[in-house]
Amino acid sequence: MSHSFDEISQQLKRRHRKSARLKWVSMGALGLAGLFLLLFFADMLNKGLPAFQQAYVNTEINYTEEAASDARQAIADDLVPIVSRTEIRSIPLQMRNNEDLLGTSEQRWLLANGEVDQYLKGNRNSLSEEERAAVDARVEAGQVELAFNSTFFTEGDSKTSESAGILAAVVGTIMTMIVTLAISFPIGVMTAVYLEEFAPDNRFTQAIEININNLAAIPSILFGLLGLAIFINFFGVPRSSPLAGGMTLALMTLPVIIISTRAALRSVPDSIRHAAFGVGCSRWQVVRDHVLPLAMPGIMTGSIIGLAQAMGETAPLIIVGMVAFIPDVGASFTEAATVMPAQIFTWAGEPEAAFVEKTAGGILVLLAVLISLNAFAVLLRKKFERRW
Amino acid sequence: MNSQAPVMTEQETPSVGQPYTRNEQACHDLSIRVRDLNLWYSKNQALKNLSIDLFQKNVTALIGPSGCGKSTFLRCLNRMNDLIPSVRTEGLVEMDGLDINAQKMDEIALRRRVGMVFQKPNPFPKSIFENIAYAPRMHDMVSRKVDQDELVERALRDAGLWNEVKDKLQEPGTSLSGGQQQRLCIARAIAVQPDVILMDEPTSALDPISTATIEDLMDKLKEQFTIVTVTHNMQQAARVADYTAFFHLGEIIEYNDTKVMFSTPAKKKTEDYISGRYG
């Protein structure tokens, strides 16, 4: 029995409606996800961008005898509550370092107090009515103004919000990531090469494979405990150091690198291996000269993504002591250091409004670094992608 | 002629499992001697009691329907089957009086003397020059840059590719056409100066013109090399091969001079196959 087009399209209508419905639902899901992302970015930018600006006070500094012992004497009395305490405190130090300063005076833009800064940005602050009026007057006179906050990018953490910066955390992150990469990349790649190219397929290698996959799913804080127990307590690696943190994060990154490397190796067609074996390559030559170069973009992408993941990690670092007040920019791998997410975590715990802003600012810096790392991974992949 | 190899006269009917040679005049030096070769993929026996003599500076074609074991047999000759963990072989494959499956035989040394060309052209994703120069350099066959250039040119000339690629040696091998890629693979194989070249359906992925070029090439190369080729194309076997072995279900049904085989097949199965009744 045959059907006319009319009958068939009657039936088809329902099917078309169903697929249209499904399409709208999935588009809705995507839209919702996009909306949340947008909201998140907007909120972060809204809260964080002001952190890149800072109130400065144009101040006359008199390097007098009195100032050397009582720094507050160096500036006008009415400016003392407005200027950052850190700036005032550093005056005697500057005088000690440079004796020629004694008896001179200069006009300089000094960091304003965090409260003044917050007041100018219209945020919650603890200034009294009179102080606010005084600040307003100075703004009118051009003596107080908001400008680019270079301190945020050139200083380490501080207890006073206006002089707190993210540099120590950035340097700490770089050093930690160097350790992580130096450990996890060679070990991870060689493990994957062994499992994929050399190992026989037996119970033992299958068990290793399952364990590696499970390792990737372990809560990261457990890696921190392992790092504390093994690296710090057993091997005596200095606590809070980029070395301890980097080694701990290397454990966490290892399965990611192994899994992505194996996938990259598997994507190299067997015909290339056969060609290499056919001309008399040993197994290692096949891997080194033919398989690895082809798998490299995939391996690098996986490693960078693993590294980006490690870079955003805080939990294991809490355990190895990297979440702490670290005001100094680290100079060696064994000195105490902090990393960006840990710095953000520390700032998030501060009650002052100025630190809320710093928190958001820190997140923006971290996001920028992560996005550029991912972009780098994509570029790398595009550049080295080869046809075969 | 190798005295060990039994001689079979024209009148004798070839039988399964027997080593064969052709008559006295056409007889050539032995290259590879195979006796009672059995091969299993896990529990499936793919080759059954194969015995065959392959002759130097000749083209031997292996024909037969799909899954008859001809490619598997070909890969036994340079131990490419070692790469498949489930494969188990028994029996003798002898070259220069040495068992190639013996413990002390290094498969790298073997593959240097027994080169291979695959079904699908598989040049390395490197430059044309590197494709040829890589293996000789790896085997320490060339020490100086000049030697290397010379060797690359000779290999490409022998493979009939030189005139087409001499101006673009630094371009990737994969930029060539399919037929050129396959000749590049042949050049790559002959660059290490092997004794034997195995070809696993070398023209099945190529157009008729490229196929003809490769067939001409095989005819020329047999002056220097022993060629064993697997083919699905019976006309090709008739055109290029001096000897032809007909495989069926893991056995050699018939092995004979190609002309004799195609004019007066000794076995009913062979006749059915070459006349196109099945396969």
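**Figure 1. The contact between chain A and chain B.** The contact draws on 18 residues of chain A and 19 residues of chain B; two residues are in contact if their C-beta atoms, placed from the backbone, lie within 7 Å. Two helices of chain A, helix 11 (270–278) and helix 12 (283–311), each supply at least two residues of the side that touches chain B. Helix 11 gives the most to this side of chain A, with six residues. By residue type, the side of chain A that touches chain B holds eight nonpolar, seven polar and three charged residues. Here Ala, Val, Leu, Ile, Met, Phe, Trp, Tyr, Cys and Pro count as nonpolar, Asp, Glu, Lys and Arg as charged, and the others, Gly among them, as polar. The model is predicted: local features need pLDDT of at least 70, side-chain atom pairs count only at pLDDT 80 or more, and totals for chains, interfaces and linings use all residues. Residues are numbered from 1 along each chain as its sequence is written, while chains are lettered from A and ligands numbered from 1 in the order in which they are written. For the complex, the predictor gives an ipTM of 0.87 and a pTM of 0.83.

**Figure 2. The overall form of chain A.** Chain A has 15 helices and three strands; helices (H or I, at least four residues) and strands (E, at least two) are DSSP runs, numbered from the N terminus. Chain A is more spread out than a compact globule, because its radius of gyration is 29 Å, well over the 21 Å that the globule rule gives for 388 residues. The radius of gyration is taken over C-alpha atoms, and the globule rule is 2.2 Å times the number of residues to the power 0.38. Along the principal axes, the C-alpha atoms of chain A fill a box of roughly 100 × 70 × 35 Å. Buried residues make up 39% of the 388 residues in chain A. A residue is buried if 20 or more other C-beta atoms lie within 10 Å of its own, exposed if 12 or fewer, and partly exposed in between, with C-beta atoms placed from the backbone. Among contacts in chain A between residues at least 6 apart in sequence, 75% join residues at least 24 apart.

**Figure 3. Helix 15 of chain A and what covers it.** Helix 15 covers residues 353–384 of chain A, 32 residues in total. From its first C-alpha to its last, helix 15 reaches 47 Å, close to the 46 Å expected at 1.5 Å a residue; the expected span is 1.5 Å times one less than the number of residues. The buried residues of helix 15 include A:Phe355, A:Val356, A:Ile363 and A:Leu366. Among the elements covering the buried residues of helix 15 are helix 1 (5–48), helix 4 (114–120), helix 6 (151–154) and helix 14 (340–348) of chain A.

Figure 4. An unreviewed UniProt entry places the feature "transmembrane region" at several spans of chain A, including residues 21–42 and 360–380. UniProt positions are given in the numbering used here, feature names are shortened, and annotations may be inferred rather than shown by experiment. Residues 21–42 of chain A are 100% helix and 0% strand, with end C-alpha atoms 31 Å apart. Residues 360–380 of chain A are 100% helix and 0% strand, with end C-alpha atoms 30 Å apart. UniProt (unreviewed entry) also lists "domain: ABC transmembrane type-1" at residues 170–377 of chain A. That span is 76% helix and 0% strand, and its end C-alpha atoms lie 20 Å apart.

Figure 5. The mean pLDDT of chain B is 87, and 90% of its residues reach 70 or more; pLDDT is the predictor's confidence in each residue, from 0 to 100. Over residues 1–26 of chain B, pLDDT stays under 50. Where pLDDT is low, the predicted coordinates should not be read in detail. UniProt (unreviewed entry) lists "domain: ABC transporter" at residues 32–274 of chain B. This span of chain B is 37% helix and 27% strand, and its end C-alpha atoms are 26 Å apart.

Figure 6. B:Asp36 is found in strand 1 (residues 30–41) of chain B. Its phi is near 50°, a positive value in a residue other than glycine. B:Asp36 counts as exposed because it has 12 C-beta neighbours inside 10 Å. B:Asn49, in strand 2 (residues 44–55) of chain B, has a positive phi near 50°. B:Asn49 has 16 other C-beta atoms within 10 Å, so it is partly exposed. B:Asp99 lies in strand 5 (residues 98–99) of chain B. With 15 other C-beta atoms within 10 Å, B:Asp99 is partly exposed. Beyond four places in sequence, B:Asp99 is in contact with B:Leu92, B:Val93, B:Glu94 and B:Met105.
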